[in-house]
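Please look through the sequence and the 3D structure shown below, and keep both at hand while reading. The report that follows goes through the chain part by part.

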Amino acid sequence: MSLLPEAENDDKASYAAPALEKGLDILELLAEVGEPLSTRTIAERLRRSKSEIFRMVFVLQQRGYLEREPGTDRLSLSRRLFDLGIRTPGGKQLTSAVLPLMERFSEESGQAAHLVVLSRAQTVVLATTSGHLDASVIVRPGYGRPALEANSGLLILAFQSEARRRALMREAEPEFRKRLDLPETETIFAEIRSLGHRIAPSRDILAVTDIACPVVGLSGYAEAAILVPCLQRHGVATDEGAILLALKACAAEAGLRLPYG
């Protein structure tokens with residue numbers, strides 16, 4: 001004889017919330033494809049009528065989760081989900097621990113800096129500091145790229161156990177998951193671990209050298225990376241060694257401030 005309420009024993013379908021499921025389907029589809037889609041295309045891919053998708057799209061747009069591409073009928077995810085994500089306890093703890101140190105680094109060095117984490121096999125910029133140079137590279141929070149295509153992503157992955165690395169890349173495209181097993185990829189990871197940092201040309205922006213250091217928590221794994229994009233300018237010498245030394249100190253202190261876990 002069950003002591004649970006009768007409703008607890010019902011089939012899961014009894015708890016279905018069709019409207020909520022449709023809304024989540026739309027958000028997950030747009031996150032997966034990574035590009036704006038029209039309402040018609042969304043309906044086709046989800047195998048639902050255009051009218052029911054239109055109603056859900058209208059509500060999601062009104063609540064700020066979707067935004068329409070200017071001059072078209074195509075929709076994409078807004079920053080609202082990202083903003084909610086960084087307000088979770090984990091995101092708040094990381095940002096509150098590291099951002100003050102990054103601000104001090106930028107004030108002393110003049111360089112812009114980015115706090116980067118991995119999410120769904122992508123790099124995600126959580127926070128930025130601008131520095132005080134008259135020219136620098138700054139990307140907005142929420143910007144991201146495939147982890148293996150970014151210097152910060154390679155850095156974070158290098159400072160993981162094999163199991164954690166594969167877990168972080170579980171949602172990557174098959175081609176990227178295969179690259180984890182390539183000898184050249186492990187060679188890159190080994191080199192990064194040996195050096196304790198990553199200095200390399202930006203994989204995204206020309207004339208920029210990325211200097212990145214891991215924020216290693218008490219668990220011994222990289223929870224994030226702090227990346228400084230150094231802009232190469234005519235007639236202006238950049239002391240990368242001095243920047244690296246200051247950045248390493250910043251990242252090391254940040255790691256000590258993170259809670260264990």
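Is Thr41 buried, partly exposed or exposed? With a relative accessible area of 22%, Thr41 is partly exposed, where buried means under 20% relative accessible area, exposed means over 50%, and partly exposed lies in between (1.4 Å probe, protein chains only).

## The model and its overall make-up

This is a predicted model, in which local features need pLDDT of at least 70 and side-chain atom pairs count only at pLDDT 80 or more, while totals for chains, interfaces and linings use all residues. Residues are numbered from 1 along each chain as its sequence is written, and side-chain values use heavy atoms, with hydrogens and water left out.

The chain contains ten helices and eight strands, these being DSSP runs numbered from the N terminus (helices: H or I, at least four residues; strands: E, at least two). Of its 261 residues, 39% count as buried. The accessible surface of the chain comes to about 14,900 Å², and carbon and sulfur atoms hold 53% of that surface; accessible areas come from the Shrake-Rupley method with a 1.4 Å probe, and for residues only the protein chains shown count as cover. Among the contacts in the chain with a separation of 6 or more, 55% are between residues 24 or more positions apart, a contact meaning heavy atoms within 4.5 Å.

Thr41 belongs to helix 2, which covers residues 39–46. Although Thr41 and Arg74 are 33 residues apart along the chain, their C-alpha atoms are separated by 9.0 Å. Arg74 is itself partly exposed, at a relative accessible area of 34%, and its side chain meets that of Glu69 in a salt bridge (3.0 Å, N to O), a term that stands for a side-chain nitrogen of Lys or Arg within 4 Å of a carboxyl oxygen of Asp or Glu. Glu69 is also partly exposed, with a value of 24%.

Another salt bridge links Lys22 with Glu52, where the closest N and O atoms are 3.2 Å apart. Because Lys22 lies in helix 1 (residues 18–33) and Glu52 in helix 3, this pair ties together parts that are 30 residues apart in sequence. Lys22 counts as buried at 13% relative accessibility, and Glu52 counts as buried at 17%. Helix 3, which spans residues 50–62, also holds Phe54. Together with Phe58 and Val59, Phe54 forms a nonpolar patch on the surface with about 310 Å² of accessible area; patches are made of residues with over 30% relative accessible area and no salt bridge, with like charges joined within 9 Å and nonpolar side chains (Val, Leu, Ile, Met, Phe, Trp, Tyr) joined within 5 Å.

## Strand 8 and its partners

Why can strand 8 be called largely enclosed by the rest of the structure? Strand 8 covers residues 222–231, and eight of its ten residues are buried, so the rest of the structure largely encloses it. Strand 8 pairs with strand 4 (residues 113–119) in the antiparallel sense over three bridges, and Leu115 has Ile226 in strand 8 as its bridge partner. Two strands count as paired if DSSP finds at least two bridges between them.

Strand 7 and strand 8 also pair in the antiparallel sense, over nine bridges, with Val216 standing opposite Ala222 in strand 8. The two strands form a hairpin with five residues between them, in which Gly220 takes a positive phi near 95°.

Thr209 lies in strand 7, which covers residues 208–216, and counts as buried at 10% relative accessibility. Leaving aside residues up to four places away in sequence, Thr209 touches a number of residues, including Ile199, Pro201, Val228, Cys230 and Glu240. The side chains of Thr209 and Gln232 are joined by a polar contact of 3.1 Å, which is a pair of N or O atoms within 3.5 Å; within protein, one must be able to donate a hydrogen and the other to accept it, and residues adjacent in sequence count only if both atoms are side-chain atoms.

## Salt bridges around helix 7

The count of salt bridges comes to 15. One of them joins the side chains of Glu162 and Arg166 (2.8 Å, N to O). Because Glu162 and Arg166 are four residues apart in helix 7 (residues 162–168), about one helical turn separates them. Glu162 is partly exposed at 43% relative accessibility, and Arg166 is partly exposed with a relative accessible area of 36%. Salt bridges that share partners join Glu162, Arg165, Arg166, Asp181, Glu186 and Arg193 into one network.
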